[in-house]
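Subject: Structure handover

Hi,

Here is the model for your files. My notes on what turned up follow below it.

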Amino acid sequence: MRSERRAGLLAMIALVALTALAGSALADPPSEPDHGVNETRFPILWSGDEDGTVSTYDEGGQDVALRQLANGTDLPLNAPPRDVERWNAGDIEEFPETNRSVSIQPSHADTSDGEFVKDAHATLFAIQPSTMLRLSASRQPLYVGRSGEVLATTDYRVRVPEDDTTGDRQVYWSLETHRIEETRLTIDGETVASDGGSHTPRFAFDDLAGGPHRISVETEVFVRLEKHVRTEETDCWQNGTTTRCQTDVDHNYTYPTETVTVEDDRRVVVEDLQITGKRAEYPDGSSALAVTANRPWLGYSTDQGNVTGTWRLYSARDPSWDTLVYAQQNTTTQRYSPLHPLQVNAFPIATGASAAEPTTRVLATDGQRYEAPTLPENVELGVPNGTYTGSRTIVTRFPEQVSEIRARGFVRGRSTTVDTGDFDTVPIHRSNLTLAVRNDSQLTTRIEIRLRDAATGDPIDTADRDGVVVIDGERVNTTDDGTALVTLDDAGTFVSARYEPGDWWHHDRGYVEDSVTLSLGGPSLQVLAAVFRFAVPVGLLLLAVYLIDRITTWHLWPPWRGL
């Protein structure tokens, strides 16, 4: 008997373990494409899930490598994918069938109870297109477009009181009708759309003003019951020696009604990109742009390639929807959910800003400092350590002039085209750095630094602007006449200096760097240095003539042939 009990206990433990394992499997995202998402893009959408769980499908075709890469790791994206919206629009239709005796809700839903309406909820499923910007651990605004749609789920159950059939007063209850009276979409307290009795309402919104808003879904649940009260009154009297009784039955019908309103809301920020900037042309014909946005942004596109700032994107499911709660009158059970809403997220990437084309170079980024956020569990994408600089301004150098840019926001479909001709123009000139010995002794050398604008001859005052002259490792600022005096100890034979100009986008005029080397070895050494500077190019030219003569029949060598 004891062995049978032990065997039964082991079998029960095994069953529980198998059930838990099956439940874990069900918690994972779907392994095959659905809802109109093609097989190439599907694996890219599931950052944060266990790698290797998505099928690689047919091994033919040019996109197999991308599918396999996305299946093995999380991929940062340079643009928000449209497939997130396509997936969510189809996935909400997987909401299970329900009835008046059960309320189905995600585990994070806020529910409300009335006297008859129980476990009522209205829960936002997705606002799209949208992107959650993970600025820091405490700042994670949800950016949305001026137009879009809101998807929600709503459900409830009805509690019909039990009949009381004891005594002279008997009460009978029955349900006459119940329904979702209305679900409304409100923005900042104003109703902009409504829906009838759907458990999965969908709303469109349009033309929202830029800035913060409160988006809410409100559901009214209506219930009408019948309450039947049967009352018996017995009247007895004495008729001689006989007692006679008469029972009167009274029927009273009332129809209690109840309306319970539930809601869910989310604070959002409508992305309204406003772009300003400066442009510059270098003396070699290349150009540069310093582009600034009014709020955090993704980057911009040009005919010379894309430029992306501090932030990148990823798509991941909302794990709070992994479990559905089935609430009934006497029991509450949890089941793994067939719903897996996706959300686009933006995050600061450790590698920083970058340009798509190798001939294009990001010179700098500028913006507010933030504490780096921590990404959700299993999202394997590198973020900076400590703090990072958000790229409100992106400075980029291009091989050619750029006439137009398309600034890209975090939200899909949100972009702004800007003519760079409207930017402030900053001229960039060559600089001319010279050194002269003003006093030389056995112990020290006094050198005058002179820095001029090579195009205009104007002095460059580094004390009044960004930039510095570095001479023999020492940082020196020139004055308003473009000069500085520096005394060097044990200067050696040669002294080198270079001008490191400041950021051109912070000034009305920019400069390119210049460098110079001054010989301190006296007249003889200076003559030798001049001879050396002349002999090297001449010798290289004669060597080239000799080699050409050896491999051709031109008879060029010696050059004095025929003289």
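Start with the charged cluster: E182, R184, E218 and E220 are linked in a network of salt bridges. A salt bridge here is a side-chain nitrogen of Lys or Arg within 4 Å of a carboxyl oxygen of Asp or Glu.

Some ground rules before the rest. This is a predicted model, so local features need pLDDT of at least 70 and side-chain atom pairs count only at pLDDT 80 or more, while totals for chains, interfaces and linings use all residues. Residues are numbered from 1 along each chain as its sequence is written, and side-chain values use heavy atoms, with hydrogens and water left out.

Salt bridges

The search of the whole structure gives 21 salt bridges. One of them pairs R295 with D272, at 3.1 Å from N to O. R295 sits in the loop between β11 (287–293) and β12 (299–302), and D272 in the loop between β9 (257–270) and β10 (275–281), so the pair ties together parts that are 23 residues apart in sequence. Helices (H or I, at least four residues) and strands (E, at least two) are DSSP runs, numbered from the N terminus.

Are these two side chains buried or exposed? R295 is buried, at 16% relative accessible area. D272 is buried too, at 14%. The cut-offs: buried is under 20% relative accessible area, exposed is over 50%, and partly exposed is in between (1.4 Å probe, protein chains only).

Next, R438 and E448 form a salt bridge, with the closest N and O atoms 2.7 Å apart. This pair links distant parts of the chain: R438 is in strand β26 (residues 431–440) and E448 in strand β27 (residues 444–453), 10 residues apart. E448 counts as buried, with 13% relative accessibility.

E500 and R498 also form a salt bridge, and their closest N and O atoms are 2.7 Å apart. E500 is partly exposed at 26% relative accessibility. R498 is partly exposed at 40%.

Disulfide

There is 1 disulfide in the structure. The term covers a pair of cysteine sulfur atoms within 2.5 Å. C236 is joined to C245, with an S to S distance of 1.9 Å. The torsion about their S-S bond is about 110°, so the disulfide is right-handed. C236 is partly exposed, at 41% relative accessible area. C245 is partly exposed as well, at 48%.

Two strands pair if DSSP finds at least two bridges between them.

β1 is joined by 4 bridges to strand β15 (residues 323–327), and the two run antiparallel. P106 stands opposite L324 in β15.

Nonpolar patch

V536, L540, L543 and L547 make a nonpolar surface patch of about 360 Å². Patches are made of residues with over 30% relative accessible area and no salt bridge; like charges are joined within 9 Å, and nonpolar side chains (Val, Leu, Ile, Met, Phe, Trp, Tyr) within 5 Å. Accessible areas come from the Shrake-Rupley method with a 1.4 Å probe, and for residues only the protein chains shown count as cover. L543 lies in helix α4 (residues 522–551). L543 counts as partly exposed, at 45% relative accessibility.

Best wishes
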